Amino acid sequence: MTDSSPLADSLAEVTGLDLHMHSTASDGALAPAELMALCRTRGLTHLALTDHDTVEGVAEADVAARELGLRLLPATELSSQWSGINIHVVGLLPEGARGPLAEGLAEQARARAARAEEIARRLEAIGLDDALAKARAQAGSERPLGRPDFARALVADGLVKDIGTAFKKYLGNGKRGDIKAHWPALEAVVAWVVAAGGVAVLAHPLRYGLTRRKRGLLLDAFRAAGGEAVELVSGFQNPDQTRDLARQLIERDLSGSVGSDFHAPGGPLAPGSMSPVPRVAVTPVWHHPRLAGFAAA
């Protein structure tokens, strides 16, 4: 990063940045251009659009970002599995999706379609008739379906009271609608990102329900595969847990990233909204040489 960068040298001091957001290209509520406009009104300057297993929204977002004077980093949030757990990897892609990653995204689209069909079959067994069509209606477009679409369908049919309950009972980790078999191994998706000239970031590591020891094993596997950064803060989280995670990153020489994981207006999260980052000696991911162009003024 050059001295002229508007980004702070410390994760604790950075403002105007959000490296994890979603649009209608996956399961977000706003079109990519609309999301960029909202980011501008919230005073953000440096962004990454991280739609699930796709970069389809990046071109539209980039045009809007340039018109608004924002700096957009192409990115995606890739689904993978490790030790029977659904793990997400954010690929920050200064050179875009190319090579094995482009091929991998095509594979992921096919995997998402097969996974949606399997989720639909399982939810029909608990009373959500014509589940695939109802999830598609909730999506409102032909984009790949995700668990939130099925969650909204469960709510609309009165089978659960809200989306949180849908995940708790049917769609969360280890539940009936949590299908992992279609996702590639963690090592594979990290390799795709690295081959594309990107930086692999482990997404929201505190959300997987892991013990500290098992989280350490995940971090070790991620680093061994070529991963270089971890989301130290994702949305709102316990500050003690953040400090403990920071210690694990420092032990492994992993950089830190931050993001809201924003999906839709009206909830607790908005672009750029997240817990404060404590003052810890974790190197910001934008110090990575491959991201120097993004971090520059």
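Over residues 17-82, the chain is 32% helix and 27% strand, with the end C-alpha atoms 29 Å apart; helices (H or I, at least four residues) and strands (E, at least two) are DSSP runs, numbered from the N terminus. The model is predicted, so that local features need pLDDT of at least 70 and side-chain atom pairs count only at pLDDT 80 or more, whereas totals for chains, interfaces and linings use all residues. Residues are numbered from 1 along each chain as its sequence is written, and side-chain values use heavy atoms, with hydrogens and water left out. For residues 17-82, an unreviewed UniProt entry lists "domain: Polymerase/histidinol phosphatase N-terminal"; such annotations may be inferred rather than shown by experiment, and their positions are given here in the numbering of the model, with feature names shortened.

The largest nonpolar core comprises 53 residues, and those with the most contacts inside it are Leu92, Leu186, Leu232 and Val285. A nonpolar core is a set of buried Ala, Val, Leu, Ile, Met, Phe, Trp, Tyr and Cys residues joined through side-chain atoms within 4.5 Å; buried denotes under 20% relative accessible area, exposed over 50%, and partly exposed in between (1.4 Å probe, protein chains only). Leu186 is in contact (heavy atoms within 4.5 Å) with Ser80, Gln81, Trp82, Ile87, Val89, Leu218, Ala221 and Phe222, residues up to four places away in sequence not being counted. Another core, of 18 residues, lies apart from the largest one and includes Ala139, Phe150, Ala153 and Ile179.

Helix H9 (residues 239-252) has 14 residues and should span 20 Å at 1.5 Å a residue, which agrees with its end C-alpha atoms being 20 Å apart; the expected span is 1.5 Å times one less than the number of residues. Within H9, the residues Thr242, Asp244, Leu245, Ala246, Gln248, Leu249 and Arg252 are buried. Their cover includes helix H8 (212-225), strand E6 (229-234) and strand E7 (255-259). At the start of H9, a side-chain oxygen of Asn238 comes to within 2.7 Å of the backbone nitrogen of Asp240.

Most residues other than glycine have a negative phi. Asp253, which follows H9, has a positive phi, near 55°. Asp253 lies in the loop between H9 and E7 and is exposed, with a relative accessible area of 64%. A positive phi, near 50°, is also found at Ser83, in the loop between strand E3 (71-82) and strand E4 (85-92). Ser83 counts as exposed because its relative accessibility is 51%.

Conventions
Polar contact = N/O pair within 3.5 Å; in protein donor to acceptor, adjacent residues only side chain to side chain.
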